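Trainee: Could you walk me through this model and show me how to read its features?

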Amino acid sequence: MSRYWSDLVSTLTPYVPGEQPQADNLVKLNTNECPYPPSPKVLQAIQSLNGDSLRLYPDPESVTLRRAIATRNGLRPDQVFAGNGSDEVLAIVFMALLKHRLPLYFPDISYSFYPVWADLYEITSVRVPVADDFSIEPEAFPAENGGIIIPNPNAPTGRLMSLDAIRALLRRSARSVVVIDEAYIDFGGESAVPLIDEFDNLLVVQTLSKSRSLAGMRVGFAMGNEELIEALGRVKNSFNSYPLDVVSQAAAVASIEDEAYFEQTCQRVIRSRETLAAALAQMGFAVLPSGANFLFATHADMAARELFSRLRARGIVVRYFDKPRIDNYLRISIGTEEDNAACCCALKALID
Ligand SMILES: *Cc1c(COP(=O)(O)O)cnc(C)c1O
């Protein structure tokens, strides 16, 4: 605390990202990165850049990238907004579309950045309890609201909401914006993108950080009705005209255009997830059904907190949230087959 700080800054409780440990002999299963490299075409695109393209400012509107995203998703470029990671896109969404007279609603168990943005922008928010099995029911959200945001699949539980449930939520909440944060949708879920033409209050947010192995590049995007997208552009251009640099734009286009590599990578992660889920169940873990690239699991005989620190001592880093309702769960990102086997092996030793 300093006397130079604004009153608002003094009240903030910032988001704490998962650890990025410096030691390189660790098995890192804590921040849901993809265990496989990005498409080779991404590296080619970066290598083919020359000094001149860096001398100039990047395209402020990421036109080529937005066109590529639009084409892949059956949309028009004016239905797409791109930003510096979906965290930045979401921060803009909160300011542009979710600050209203009525409160913003999100699940009590969901991405822990949501309450941070709500506080930053002084948005009143209400947490809607998820069911005991961590599923999300559309009826749990009030019809009158200042906006709704839900990760699908949910983070950190991995639970998927069906497209029917999302449609019911959009009908119910027809007078406000419903944001579906699809950071993990590519690992077997059904995207809400096809509902965009049907519902002008739907905004879908995706990222290249997980399924496209580009967490280090920082590219995220939102898709929705052009008026929603225009609102995001108005905030962006009142804050930072160039959120995406030349390298990121080129890399992201190459990634979006390599559908075959993307499909193959996602399928590989999904297969590993099912193998790891079965192995954990064998050891006595209750594992939630996951539509994401991580598993959320609890063990009847061993406290998650203890498993977390004992795994860390063995060089295996997973994520533990010391939060109500989930403080006996571990969130384990899906790694390579070898990473997952190492994790299982360590857990077996701890449990026996
Ligand atoms: C990882 C994640 C994000 C942020 O992704 P970036 O594009 O890397 O900023 C957003 N929402 C959820 C639910 C996530 O898990």
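Trainee: Let me start with a proline. Where is Pro156 found?

Mentor: First, keep in mind that this is a predicted model. Pro156 is in the loop that runs between strand 5 and helix 7.

Trainee: Which other peptide bond is cis, with omega near -5°?

Mentor: The general idea is that most peptide bonds are trans. Here, the bond from Asn152 to Pro153 is cis, and its omega is near -5°. Pro153 lies in the loop between strand 5 (148-151) and helix 7 (163-172).

Trainee: And backbone phi? What is the phi of Ser62?

Mentor: Most residues other than glycine have a negative phi. Ser62 is not a glycine, yet its phi is positive, about 45°. You'll find Ser62 in the loop between helix 3 (51-55) and helix 4 (63-73).

Trainee: Now the ligand. Which residues around the ligand come nearest?

Mentor: There are 13 residues around the ligand, and Ser86, Tyr184, Thr207, Ser209 and Lys210 come nearest. By class, this shell splits into 5 nonpolar, 4 polar and 4 charged residues. Helix 5 (residues 85-97) contributes the most to the shell, with 4 residues.

Trainee: How do I read the polar contacts there?

Mentor: Look for pairs of N or O atoms within 3.5 Å. A polar side-chain atom of Tyr184 is 2.6 Å from a ligand oxygen, and an N or O atom in the side chain of Thr207 is also 2.6 Å from an oxygen atom of the ligand. With Asp87, look at the backbone instead: one of its polar backbone atoms is 2.9 Å from a ligand oxygen.

Trainee: How much of the ligand's exposed area does the protein bury?

Mentor: The ligand taken alone exposes 390 Å², and the protein buries 93% of that. As for its location, the ligand sits in the largest pocket.

Trainee: Which residue in strand 13 stands opposite Leu295?

Mentor: That's Ile332.

Note on methods: Residues numbered from 1 in each chain as written. Predicted model: local features only at pLDDT ≥ 70, side-chain atom pairs only at ≥ 80, totals over all residues. Heavy atoms only, no water. Near = heavy atom within 4 Å. Polar contact = N/O pair within 3.5 Å; in protein donor to acceptor, adjacent residues only side chain to side chain. Areas by Shrake-Rupley, 256 points an atom, 1.4 Å probe, with all protein chains shown as cover. 1 Å grid on protein atoms, 1.4 Å probe; cavity = no way out; pocket = protein on both sides within 12 Å on 5 of 7 lines; lining within 4 Å. Sits in = over half its atoms within 2 Å of the grid points. Helix = DSSP H or I, 4+ residues; strand = E, 2+ residues; numbered from the N terminus. Nonpolar A, V, L, I, M, F, W, Y, C, P; charged D, E, K, R; others polar. Pairing = 2+ DSSP bridges.
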